[in-house]
Amino acid sequence: MTADGIDFEVKPSWKQERLTWAMGVSLVAPMEVRNENEITDVAALARRLMLRQTSLETEFPGYRYDRADWIREQVHPHD
């Protein structure tokens, strides 16, 4: 499976839900989080999405992660 990957495609998505103690947001987006500054970027994106100031299509037009991306990363995992 590592060499062949699977025939699956992931697109950016998000969902908001009301929890008993807060608003919850599930977010799938092509962003890396390696430090506090980068998590701040994710939080800012979630806020703009919730306020309808942007959309995932606007932020990541046509983005999808698929089998070819998976295989490419297996060959060059740190690129």
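These legends walk through several close-up views of one predicted model.

The model is predicted, so local features need pLDDT of at least 70 and side-chain atom pairs count only at pLDDT 80 or more, while totals for chains, interfaces and linings use all residues. Residues are numbered from 1 along each chain as its sequence is written, and side-chain values use heavy atoms, with hydrogens and water left out.

View 1. Helices (H or I, at least four residues) and strands (E, at least two) are DSSP runs, numbered from the N terminus. Follow the sequence along and you get the pattern β-β-α-α-α. Of the 79 residues, 16% count as buried; buried means under 20% relative accessible area, exposed means over 50%, and partly exposed is in between (1.4 Å probe, protein chains only). Now look at who touches whom, where a contact means heavy atoms within 4.5 Å. Among contacts between residues at least 6 apart in sequence, 51% join residues at least 24 apart.

**View 2. Strands E1 and E2 make a hairpin.** E1 covers residues 13-18 and E2 covers residues 23-28. Four residues sit between the two strands. They pair in the antiparallel sense over six bridges; for two strands to count as paired, DSSP has to find at least two bridges between them. To spot one of these bridges, find Arg18, whose partner in E2 is Met23.

**View 3. Helix H1 has a buried side and a face turned away from it.** H1 runs over residues 36-50. Its 15 residues reach 21 Å from the first C-alpha to the last, close to the 21 Å expected at 1.5 Å a residue (the expected span is 1.5 Å times one less than the number of residues). Glu38, Val42, Leu45, Ala46 and Leu49 are the buried residues of H1 to look for here. They cover an arc of only 100 degrees around the axis, which puts them on the same side of H1; the arc is that of the directions from the helix axis to the C-beta atoms. What do the buried residues of H1 pack against? They pack against E1, E2 and H2. On the face turned away from that buried side, you'll find the exposed residues Glu36, Asn37 and Arg47.

**View 4. Asn35 caps the N-terminal end of H1.** A side-chain oxygen of Asn35 lies 3.0 Å from the backbone nitrogen of Asn37. Also in this view, Arg34 and Glu38 form a salt bridge, their closest N and O atoms being 2.6 Å apart. A salt bridge here is a side-chain nitrogen of Lys or Arg within 4 Å of a carboxyl oxygen of Asp or Glu. Are the two partners buried or exposed? Glu38 is buried, with a relative accessible area of 15%, whereas Arg34 is exposed, at 60%.

**View 5. Thr54 sits in the loop between H1 and helix H2 (56-59).** After H1 comes Arg52, whose phi is positive, near 60 degrees. Thr54 is buried, with a relative accessible area of 14%. Its side chain joins that of Glu59 through a polar contact of 2.6 Å. (A polar contact is a pair of N or O atoms within 3.5 Å; within protein, one must be able to donate a hydrogen and the other to accept it, and residues adjacent in sequence count only if both atoms are side-chain atoms.) Leaving aside neighbours within four places in sequence, Thr54 is in contact with Leu45, Arg48, Leu49 and Glu59.

**View 6. Glu9, Lys11, Arg64 and Asp66 are linked in a network of salt bridges.** Side chains of opposite charge can pair when their charged atoms come close. A search of the whole structure finds seven salt bridges. One of them joins Glu9 and Arg64 (2.9 Å, N to O). Glu9 lies in the segment before E1 and Arg64 in the loop between H2 and helix H3 (67-75), so the pair ties together parts that are 55 residues apart in sequence. Glu9 counts as partly exposed at 36% relative accessibility, and Arg64 counts as partly exposed at 40%. Arg64 also meets Asp66 in a salt bridge (3.2 Å, N to O), and Asp66 is buried, with a relative accessible area of 15%.

**View 7. Tyr65 lies in the loop between H2 and H3.** Tyr65 counts as partly exposed, at 21% relative accessibility. The C-alpha atoms of Tyr65 and Glu9 are separated by 5.6 Å, though the two residues are 56 apart along the chain. Leaving aside neighbours within four places in sequence, Tyr65 is in contact with Phe8, Glu9, Val10, Trp70 and Glu73.
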